[in-house]
Amino acid sequence: MVEIEMEGVGKSFGGTVVFRDFSAHLQPGGVTAVRGANGSGKSTLLRLAAKLLSPDTGKVVARDREAGLVLEKAEFRSRLAMVTPELRFYPRLTAWENMDFLLGLRGEKLSGDSYSKLLERVGLSEKKMNGVQAGGLSTGMRQRLKLAVLLASQAEVWLLDEPGANLDLEGRSLVLREARQAADSGVLVLLATNDEREEAAADECISLGGN
Ligand SMILES: Nc1ncnc2c1ncn2[C@@H]1O[C@H](COP(=O)(O)OP(=O)(O)O)[C@@H](O)[C@H]1O
Ligand SMILES: [Mg+2]
């Protein structure tokens, strides 16, 4: 299991201070929601936690809890998965081709059988998806496909940036169900959200920007 410790983190962009002396201990086996208005720093917090961004001051440390070892960036990355609005599929490739490619980058194989099961799990009809390029899918369908990649990734850290955006009620319930199930199996789930249901379903909540 992986834990992330953020200590005294400061982060600014130009003159804009987003974090000043921010600390949090993110635990495996739990869902932590990050809430706050647009621009309050939710996505920045997830990028800092992923070590995609370096803090200006303070530190972000990821550890293997059982081994008590600090994880190097590459090792940590191989154990985390992100779902963000920035993630794009290749529009001219099919769902299968995109998934096969993205998982291949992680050194993971996608079998026809697990592809079918994953699509069913995220509520996508394999038949309807067959041969359709990702560019021809609705935003909600693409969001579900991102969740399928996440579920296939075997990651121990889930960083979800507004995962319920563009999803219908059933889709948002799916996100919560999967997040809970993952946390119960020891995954660290960090979820940026503006959705009250997602916030209420979390074990812990980090409020940014004073709201
Ligand atoms: N790469 C960047 N360059 C400049 N400013 C940034 C960058 N990333 C974020 N910011 C600024 O940091 C603040 C927090 O942004 P963000 O983390 O995206 O907020 P949220 O996800 O809560 O909407 C905003 O003022 C935003 O303009
Ligand atoms: Mg954001």
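What follows is a set of questions and answers on a predicted model.

User: Why is Thr 44 called buried?
Analyst: Its relative accessible area is 9%. Buried means under 20%. Thr 44 is therefore buried.

User: Where does Thr 44 lie, and what is it in contact with?
Analyst: Thr 44 lies in helix 1, residues 42-49. Leaving aside neighbours within four places in sequence, Thr 44 is in contact with Lys 11, Phe 13, Val 18, Phe 19 and Leu 53. Contact here means heavy atoms within 4.5 Å.

User: What makes Ser 54 partly exposed?
Analyst: Ser 54 has a relative accessible area of 48%. Exposed needs over 50%, and buried needs under 20%. The value falls in between, so Ser 54 is partly exposed.

User: Where is Ser 54 found, and which residues does it touch?
Analyst: Ser 54 sits in the loop between helix 1 and strand 4 (57-64). Not counting residues up to four places away in sequence, Ser 54 touches Lys 11 and Leu 48. Lys 11 is also among the contacts of Thr 44.

User: How far apart are Ser 54 and Asp 168?
Analyst: In sequence, 114 residues separate them. In space, the C-alpha to C-alpha distance is 35 Å.

User: Why is Asp 21 called exposed?
Analyst: Asp 21 has 59% relative accessibility. Exposed means over 50%. Asp 21 therefore counts as exposed. Asp 21 is part of strand 2, residues 16-26.

User: How do you know that the span of helix 7 is close to the expected one?
Analyst: Helix 7 has 16 residues. The expected span is 1.5 Å times one less than the number of residues.

User: What follows helix 7?
Analyst: Gly 186 follows, with a positive phi near 105°.

User: Which residues of helix 7 are buried, and what do they pack against?
Analyst: The buried residues are Gly 171, Leu 174, Val 175, Leu 176, Glu 178, Ala 179, Ala 182 and Ala 183. Their packing partners are strand 3 (30-35), helix 4 (112-121), helix 6, strand 7, strand 8 (188-193) and helix 8 (196-201).

User: What makes a space a cavity, and how many of 30 Å³ or more are there?
Analyst: A cavity is space where a 1.4 Å probe fits but cannot get out. The structure holds one of 30 Å³ or more. The largest cavity has a volume of about 50 Å³.

User: Which elements line the largest cavity?
Analyst: Helix 6 (139-152), strand 7 (157-161) and helix 7 (169-184) each supply at least two residues. Helix 7 gives the most, with four. The lining includes Trp 158, Leu 174, Val 175, Glu 178 and Ala 179.

User: What classes of residue make up the lining of the largest cavity?
Analyst: Nine are nonpolar, none is polar and one is charged. Glu 178 is in the lining. Glu counts as charged, so Glu 178 is the charged residue.

User: What makes a space a pocket, and how much space lies in the largest one?
Analyst: A pocket is an open set of points, whereas a cavity lets no probe out. The largest pocket holds about 490 Å³. Of its 17 lining residues, Leu 80, Ala 81, Met 82, Leu 87 and Arg 106 lie nearest the centre. Strand 6 (80-83) is among the elements supplying at least two residues. Strand 6 gives the most, with four. By class, the lining has eleven nonpolar, three polar and three charged residues.

User: Which residues lie nearest the centre of the second largest pocket?
Analyst: They are Pro 85, Leu 87, Arg 88, Arg 142 and Lys 146, out of 16 lining residues. This pocket holds about 250 Å³. Helix 6 gives the largest share of the lining, four residues. The lining divides into six nonpolar, five polar and five charged residues.

How values were computed: Residues numbered from 1 in each chain as written. Chains lettered and ligands numbered in written order. Predicted model: local features only at pLDDT ≥ 70, side-chain atom pairs only at ≥ 80, totals over all residues. Heavy atoms only, no water. 1 Å grid on protein atoms, 1.4 Å probe; cavity = no way out; pocket = protein on both sides within 12 Å on 5 of 7 lines; lining within 4 Å. Points joined across faces, edges and corners; volume = space filled by probe spheres on them. Buried < 20%, exposed > 50% of the residue type's maximum accessible area, 1.4 Å probe, protein only.
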